[in-house]
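Visitor: I am new to this structure and would like a close look at a single part of it. Please take me through the sheet and the charged side chains on its strands.

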Amino acid sequence: MKNEFPTTKTNRILLREITGLDIENVFKGLSNPNVIQHYGISFDSLEATKEQMTWFADKKQKWWAICSLDNQTFYGAGGLNDIDYEKSKAEIGLWLLPDFWGMGIMKEVLPLISDYGLNKLKLNRIEGFVETDNVNCKNVMSKLDFKNEGRMKDCEIKNRKLISVDVYAKTN
């Protein structure tokens with residue numbers, strides 16, 4: 001029996017499995033300077049983006065395409081990565097194409113993803129690692145009952161500079 005990928009909807013958004021047909025939209029997002037400003041990876045070609053498509057398909061991840069209800073408009077992608085059943089936790093992530101920023105999509109999608117991890121996957125903890133200067137994302141995380149657990153100062157290197165990351169978590 002094939003393990004079906006979960007699809008879910010709200011009154012305006014469809015979350016569905018990311019497929020190979022999404023590669024151009026994924027490239028469009030993960031090559032956009034505004035999107036990758038606060039995102040950990042970027043790609044400079046469709047060919048390079050295949051690496052991300054392989055990553056999406058890995059069983060340690062559960063990522064969805066975020067689309068319009070009619071599946072005609074691709075807004076972005078979001079999901080859980082580094083799913084660890086032994087430690088009962090996963091990391092949440094999400095990115096949107098800039099045309100769809102400020103429309104409340106993140107506030108609508110993040111609870112669906114975290115609830116899936118906590119209730120369907122029976123994880124105890126969903127973590128979010130947010131670059132300290134990503135104020136909009138930090139505000140959304142706080143509004144959605146993710147607790148700020150502190151800051152990891154100068155813990156990552158991005159564009160040859162040390163950056164700090166704030167840790168958020170939601171638990172069962």
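Guide: What follows describes the sheet, the helix lying across it, and then the salt bridges. This is a predicted model, in which local features need pLDDT of at least 70 and side-chain atom pairs count only at pLDDT 80 or more, while totals for chains, interfaces and linings use all residues. Residues are numbered from 1 along each chain as its sequence is written, and side-chain values use heavy atoms, with hydrogens and water left out.

The sheet is open and has eight strands, in the order β1-β2-β3-β4-β5-β6-β8-β7, with mixed pairing. Because β1 (8-9) and β7 (147-158) stand at the edges with a single partner strand each, one side of each has no neighbour in the sheet. Strands here are DSSP runs of E with at least two residues, and helices are runs of H or I with at least four, numbered from the N terminus. Two strands count as paired if DSSP finds at least two bridges between them.

Helix α5 (residues 135-143) lies across β5 (89-96), β6 (125-131), β7 and β8 (161-171), and runs at about 155° to β6. For such angles, axes are lines fitted to C-alpha atoms, for helices over the stretch in contact (heavy atoms within 4.5 Å). The angles run from 0 to 180 degrees between N-to-C directions.

Now the charged side chains. The whole structure holds ten salt bridges, each a side-chain nitrogen of Lys or Arg within 4 Å of a carboxyl oxygen of Asp or Glu. One of them joins Lys158 and Glu131, whose closest N and O atoms are 2.8 Å apart. This pair links distant parts of the chain, with Lys158 in strand β7 and Glu131 in strand β6, 27 residues apart. Lys158 has a relative accessible area of 16% and is therefore buried; Glu131, at 12%, is buried too. Buried means under 20% relative accessible area, exposed over 50%, and partly exposed in between, with a 1.4 Å probe and protein chains only.

Another salt bridge joins Arg125 and Glu127 at 2.7 Å, N to O, and both of these residues are buried. Lys153 and Asp154 also meet in a salt bridge, at 4.0 Å from N to O. Lys153 is exposed at 63%, whereas Asp154 is partly exposed at 38%. Finally, salt bridges with shared partners join Lys89, Arg125, Glu127 and Glu149 into one network.
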